[in-house]
Amino acid sequence: MNLARFPRIRLGHLPTPLEPMEQLSRHLGGPRLWIKRDDCTGLSTGGNKTRKLEYLCADAQAQGADILITQGATQSNHARQTAAAAAKLGLDCLILLEDRTGSTDPAYTQSGNVLMDRLHGAQVARRPGGADMQAEMEAVAADLRAKGRKPYVIPGGGSNPVGALGYVNAALELVAQAAEMGLRIDHLVHATGSAGTQAGLVAGLVALNSGIPVLGIGVRAPKPKQEANVLALAERTAAHLGLPGLIKAEHVVANCDYVGQGYGIPTEGMVEAVKLVAQKEGILLDPVYSGKGMAGLIDLIQRGHFAKDQNIVFLHTGGQAGLFGYPEAFGLPGDVAA
Ligand SMILES: *Cc1c(COP(=O)(O)O)cnc(C)c1O
């Protein structure tokens, strides 16, 4: 595998730190928990989409694009990082936001990531929940082409074989970092949505023969659909790397028991996990992805899914800006009379 042959533009602060979570590990009574800080990738408060955009934006530039088009849910972290990347590269950016939750709270519809999309100079347009967002983007791109523009369409979450290369790169980074620290990683756990993160990690970790299993905690689709999406993209990513046939179904595992009522809708477990990690580690998770991912990890630990002497790495995929879209979700106390 030779990643260097794929064009890449540096956008992130890499490598991201790999740190122990000592207080949380002690609180839960083991296993040994570690955190890979992809919330610290640097671009516009960071997150996992930055790694994908390093390869996607290089491809866009190679094609002579002058505007990036992408889509996501209202509080899309992917849209925010794409808007920032476009700004940095001198490209225009058009974002289609899908109303997946039905929330009318102005904090949700206008603050958090939406505020940041606009600060980066992106144009924001809305679509109703359930719209065919890929078709909507293609229609907008066709209009722009007719006007002489050169749009580059990035799929939701940046999840295609080009974007997933960012997480093949993350797999290389993690394995090298663990070797340097003398850390034996027994499991890698993270929130999975549009599938590019897990697909890239699986392709990279299997190509390296690392023996590190990946567990995706789903935030939207049921398990059969999520695993099929990840497997299909991992296979295409491996083929793009010149390694067709590398990925087997057994390499892809998702647990989708922690979605709750639906994508972007808070759960009790998410609220508890976000508060616990904030208060034991001083680390902010997000309400849509990493909070539900951590809720799943904590529940699996409490059910004895991992041995006490194992090293579990949680990949923090970012998304803290989304907290400001959910000010009421956490039931936080008011001021004290001090
Ligand atoms: C997009 C996102 C994910 C999921 O990554 P996919 O590659 O879409 O599966 C996880 N966490 C955060 C914070 C995200 O923004």
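The buried residues of helix 9 pack against helix 7 (161-181), strand 7 (187-192), helix 8 (196-207) and strand 9 (253-255). Helices (H or I, at least four residues) and strands (E, at least two) are DSSP runs, numbered from the N terminus. The model is predicted: local features need pLDDT of at least 70, side-chain atom pairs count only at pLDDT 80 or more, and totals for chains, interfaces and linings use all residues. Residues are numbered from 1 along each chain as its sequence is written, and side-chain values use heavy atoms, with hydrogens and water left out.

**Helix 9**

- Helix 9 (residues 223-240) comprises 18 residues and reaches 25 Å from its first C-alpha to its last, close to the 26 Å expected at 1.5 Å a residue; the expected span is 1.5 Å times one less than the number of residues.
- Its buried residues are Gln226, Glu227, Val230, Leu231, Leu233, Ala234, Thr237 and Ala238, where buried means under 20% relative accessible area, exposed over 50%, and partly exposed in between (1.4 Å probe, protein chains only).
- Glycine 242, whose phi is positive, near 90°, follows helix 9.

**Lysine 49**

- The UniProt annotation "modified residue: N6-(pyridoxal phosphate)lysine", from an unreviewed entry, covers Lys49; UniProt positions are given in the numbering used here, feature names are shortened, and annotations may be inferred rather than shown by experiment.
- Lysine 49 is located in helix 2 (residues 49-62) and is buried, with a relative accessible area of 8%.
- Leaving aside neighbours within four places in sequence, lysine 49 is in contact (heavy atoms within 4.5 Å) with Asn77, His78, Gln81 and Gly157.
- The side chain of lysine 49 also makes a polar contact with the side chain of asparagine 48 (2.9 Å). A polar contact is a pair of N or O atoms within 3.5 Å; within protein, one must be able to donate a hydrogen and the other to accept it, and residues adjacent in sequence count only if both atoms are side-chain atoms.

**Salt bridges**

- The structure holds 13 salt bridges, each being a side-chain nitrogen of Lys or Arg within 4 Å of a carboxyl oxygen of Asp or Glu.
- Glutamate 173 forms a salt bridge with arginine 51, the closest N and O atoms being 2.8 Å apart. Glutamate 173 lies in helix 7 and arginine 51 in helix 2, so this pair ties together parts that are 122 residues apart in sequence.
- Both glutamate 173 and arginine 51 are buried, and a network of salt bridges links Lys36, Asp38, Arg51 and Glu173.
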